[in-house]
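Biologist: I have just opened this structure and would like to learn how to read it. Could you walk me through some of its features?

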Amino acid sequence: MYNVVIIGAGVIGNFIARELSKYKLNIAIVEKDSEVSNGTTKANSAIVHGGYDAKPGTKMAKFNSEGNPMFDKVCKELDVPFKKIGSLVLAFNDEDMETLKELYDRGIENKIPNIEIIDKNKVKEMEPNINDDVIGALYSPTAGIVGAYELAIALAENAADNGVELILNNEVKDIEKIDDGYKILTNKQEIKSKYVINCAGVYADKINNMVAKETFKIIPKRGQYYILDKSASYITNHVIFQCPNKFGKGVLVAPTVHGNIIVGPDSQELNDDQRDELQTTSDNIEYVRNTAVKSIEKIPFNKTITNFSGVRAEPDTGDFIIEESQDAKGFINVAGIKSPGLSSAPAIAQYVVELVKERYDGLEKNKDFNPRREMIVFNELSKEKKAELIKKDPRYGRVICRCENITEGEIVDSIRKNAGATTVDGVKRRARPGAGRCQGGFCGPRVMEILARELNKDIEKIVKDGNESNILTGKTKS
Amino acid sequence: MLNYDIVVIGGGPAGLAAAIEAKKNGINNILIIERDKELGGILQQCIHNGFGLHVFKEELTGPGYAEKFINELKSLNIEYKLDTMVLDITEDKMISAINTEDGFMEIKAEAVVLAMGCRERPRGALSIPGTRPAGVFTAGTAQRFINMEGYMVGKKVVILGSGDIGLIMARRLTLEGAEVKAVAELMSYSGGLTRNIVQCLDDFDIPLLLSHTVVDIKGKDRVEGVVIAKVDENKKPIPGTEKLYECDTLLLSVGLIPENELSSGAGIELDSTTNGPKVNESMETNIEGIFACGNVVHVHDLVDYVTEESIRAGRNAAKFIKKELKKDSHTINTKAKDGIRYIIPHEIRVENLDNTLDMFMRVTDVYRDAKLVIKADGEIVREIKKKHLAPGEMERIKIPVKDIKNNNISNITVEVQGKVK
């Protein structure tokens with residue numbers, strides 16, 4: 001019997017797990033996929049928003065403005081890349097300028113520090129590649145970029161280091177109320193817990209409906225993106241937004257924490273049964289491209305290294321749903337966490353911990369809690385540190401991924417950690433081999449070899465991502 | 001810190017030929033740095049034959065071709081480091097590299113030969129729509145799995161792109177028992193060698209769909225099918241022509257890109273057409289003493305030409321060390337005109353030429369009964385009749401030095417005259 005079971009190992013679930021592991025609780029995360037961070041968390045803009053956008057008084061406004069300043073500390077503790085590079089919302093006409101003023105006023109009400117409306121000259125001075133027809137911008141210096149899936153993975157690893165159990169490959173099929181809590185039925189087993197926290201992302205409504213009345217619906221909305229090679233990084237140093245419209249914050253152009261450029265997303269409402277449909281489509285990707293060039297005309301799309309899409313969990317209530325269910329005590333919904341969900345995650349986690357604490361008299365702190373999760377990034381070390389590290393462990397002297405200079409040592413680390421990688425994509429999201437310009441052409445076979453060796457598996461059993469995503473189909477004739 | 005006269009980056013065919021030639025020209029202190037576990041580069045996975053017809057006048061396999069050079073290298077006692085990655089090269093030829101045995105190394109070179117080769121364009125570079133399942137491989141990665149590791153990558157295969165590696169892999173997969181359903185090519189002509197189309201597709205009844213492309217990839221975990229559509233003259237898919245091919249594998253042979261991240265880091269100027277360094281007659285880049293050869297400069301279709309070009313780079317690197325390269329020679333620029341995509345070299349210092357000026361180039365289209373016209377300052381110096389010209393087949397022109405040395409010409413242009421097929 002667990003004290004708390006969290007359903008869903010995305011950034012929200014993992015953040016809550018990690019914060020709860022600061023207390024003496026028996027906690028588990030139940031995840032349907034073979035890896036953590038495999039849903040919306042792995043496929044979004046990875047922006048820590050300034051917080052001026054959300055309507056004052058909403059949960060979105062509250063948690064975004066509280067969450068943003070919390071990133072410095074948690075990213076430092078967990079060795080997660082985070083850069084406070086600031087954002088610009090561009091205006092190209094008088095109507096846009098009106099919108100900027102509205103956003104500015106909201107920002108003031110949301111208590112967002114140092115936002116200002118700047119004129120064309122200042123915009124061009126900050127970002128010379130922005131199109132000449134810009135007339136002004138809203139500058140938010142506290143906006144930032146973060147490694148979104150890296151953060152979720154680091155949180156899971158740190159939570160696991162602090163005693164949280166990670167139950168992967170378990171899809172929740174039903175939840176029953178029992179005397180002292182809940183019985184969760186997965187495709188593999190029965191799990192009992194006093195409290196259940198629903199962080200199931202695009203499936204959060206389905207999970208809620210297993211145990212409580214339907215009070216909200218999740219509308220899946222897909223967004224598609226481009227990632228450009230690092231050699232395109234000169235085009236901008238800030239997160240560049242266009243004025244928000246009814247479809248959301250619109251298409252952005254921004255650096256990523258690894259020095260690439262991200263362009264996207266569009267917003268396409270999907271049917272109820274399309275929540276897993278992560279394909280990219282030529283019409284939408286073209287729309288992204290044609291919209292992005294309104295901000296920066298000369299985006300070098302010929303440097304594209306990949307496209308991807310993500311499905312966002314839009315709540316039909318218009319705001320985050322973070323509360324104990326009315327008709328299922330001890331069942332807490334953390335649902336509808338669309339943008340600015342990532343930016344809000346640290347504050348949401350803290351708030352949920354308070355909800356749990358209120359229900360536990362005299363909850364004890366976990367004195368052994370270790371906030372640190374270390375991560376070696378060989379390429380970022382000084383030459384002295386590089387030399388020292390290879391001396392200590394020669395595996396850091398063997399480069400596996402040539403595009404990103406990722407060493408065998410880093411790949412082995414990513415597999416051996418608590419909640420470590422078990423798939424090729426899992427290694428890629430932790431240590432980045434295959435995330436560069438050749439997208440794993442050279443290093444793919446070698447990453448598979450290392451995975452097979454470390455997991456003591458036959459190389460033919462190594463999968464890309466899902467359990468059926470085998471890469472090899474047998475031996476050659478010989 | 002280690003010191004060498006010449007450091008060659010890359011131990012594939014280009015690096016091997018350059019190092020051997022430099023040694024033969026009297027330079028003893030040479031190091032080759034290779035990132036793989038063995039020398040020979042991508043040749044080691046090219047187990048088909050057809051290599052060496054020009055250089056050795058015989059048909060060798062890739063590993064066979066490499067072996068000849070590796071044996072010679074060893075008999076000449078040229079030093080090399082395997083499993084070693086260069087992290088950085090500076091303008092003043094300081095190289096930092098790592099491996100498991102020596103750890104972090106700083107190496108000072110008097111001259112550097114860049115021979116890093118090229119990589120394949122991945123799916124992302126084409127923005128092919130669809131899901132992102134397992135089963136999408138570049139042709140070279142599949143070749144490595146099959147020929148080096150002994151594993152199959154799929155049972156029912158569609159290949160996008162008719163570059164040579166794609167064609168070779170169509171045959172290889174078929175011989176291994178897979179069903180290759182089609183090779184789709186965006187262009188109206190194949191990017192591969194004619195002999196490969198005949199021997200790898202026609203002989204196995206594999207359809208080549210010209211002016212077709214992949215417009216969708218289906219499947220959640222593993223590829224379940226791809227949708228191929230015909231494209232119009234602007235290479236846009238024509239609605240209504242889509243056809244689903246059920247398959248578990250999509251192989252991509254959609255182009256190669258020279259690997260020049262180290263070159264850019266050193267401040268070497270690149271040509272935006274070739275994506276390789278701009279070079280002069282001696283295969284020297286804009287940084288004195290840094291030479292480049294092989295696929296890092298421009299993508300070749302025959303290894304024999306890589307060898308030829310790299311011998312030139314090695315010989316001139318040796319000359320540079322011996323201070324025999326003339327810097328203040330009269331200089332001619334080359335320029336690609338109508339129908340020519342690029343010319344190597346970009347710049348010719350006439351005094352450094354021996355007997356002939358060797359130029360490599362590619363045409364932009366398929367031509368029948370055409371001619372290559374070489375002009376010096378607008379005056380025709382030479383016309384070469386060509387029955388057939390195609391972007392997939394590199395052209396080499398040799399011009400006797402006497403034809404250009406006499407007068408002080410400032411540019412040489414090449415153009416195609418004839419009909420686009």
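**Where the two chains meet**

Modeller: Let us begin with a pairing that crosses from one chain to the other: strand 23 (residues 474-475) of chain A and strand 11 of chain B run antiparallel and are joined by two bridges. Please keep in mind that this is a predicted model.

Biologist: Which residue of strand 11 of chain B does A:Gly474 stand opposite?

Modeller: Look for B:Met152, which faces A:Gly474 from strand 11 of chain B.

Biologist: And how many residues does each chain bring to the contact?

Modeller: Chain B brings 42 residues and chain A brings 44 residues. On the side of chain B that touches chain A, the elements giving two or more residues are strand 6, strand 7, strand 8, strand 9 (118-120), helix 3 (139-149) and strand 11 (151-152).

Biologist: Which of these elements of chain B gives the most?

Modeller: Helix 3 of chain B does, with six residues. By class, that side of chain B has 15 nonpolar, 14 polar and 13 charged residues.

Biologist: Now for helices. How should I describe two that pack together?

Modeller: The general idea is that two packed helices are described by the angle between their axes and the distance between the axes. For a case here, take helix 4 (residues 164-175) and helix 5 (residues 194-201) of chain B: their axes come within 8 Å and cross at roughly 20°.

Biologist: Are helix 4 and helix 5 of chain B roughly parallel or roughly antiparallel to each other?

Modeller: Angles under 35 degrees count as roughly parallel, and helix 4 and helix 5 of chain B are therefore roughly parallel to each other. Their crossing is left-handed.

Biologist: Which residues of these two helices meet?

Modeller: From helix 4 of chain B come B:Asp164, B:Leu167, B:Ile168, B:Ala170 and B:Arg171, and they meet B:Asn196, B:Ile197, B:Cys200 and B:Leu201 in helix 5 of chain B. By class, this contact has six nonpolar, one polar and two charged residues.

Biologist: Last topic: domains. How is chain B divided?

Modeller: The domain assignment gives chain B domain 1 (1-120 + 255-325), domain 2 (122-254) and domain 3 (329-421). The centres of domain 1 and domain 2 of chain B are separated by 31 Å. Seven residues from domain 1 and 12 residues from domain 2 of chain B make up their contact.

Biologist: And what about domain 1 and domain 2 of chain A: what separates their centres?

Modeller: There, 27 Å separate the centres of domain 1 and domain 2 of chain A. Their contact takes 33 residues from domain 1 and 37 residues from domain 2 of chain A.

Conventions:
Residues are numbered from 1 along each chain as its sequence is written. Chains are lettered from A and ligands numbered from 1 in the order in which they are written. This is a predicted model: local features need pLDDT of at least 70, side-chain atom pairs count only at pLDDT 80 or more; totals for chains, interfaces and linings use all residues. Axes are lines fitted to C-alpha atoms, for helices over the stretch in contact, and angles run from 0 to 180 degrees between N-to-C directions. Helices (H or I, at least four residues) and strands (E, at least two) are DSSP runs, numbered from the N terminus. Angles under 35 degrees count as roughly parallel, over 145 as roughly antiparallel, 65 to 115 as roughly perpendicular and the rest as oblique. A crossing is left-handed if the near helix is turned anticlockwise from the far one by less than a right angle, and right-handed if clockwise. Ala, Val, Leu, Ile, Met, Phe, Trp, Tyr, Cys and Pro count as nonpolar, Asp, Glu, Lys and Arg as charged, and the others, Gly among them, as polar. Domain bounds come from an automatic or database domain assignment. Two strands pair if DSSP finds at least two bridges between them.
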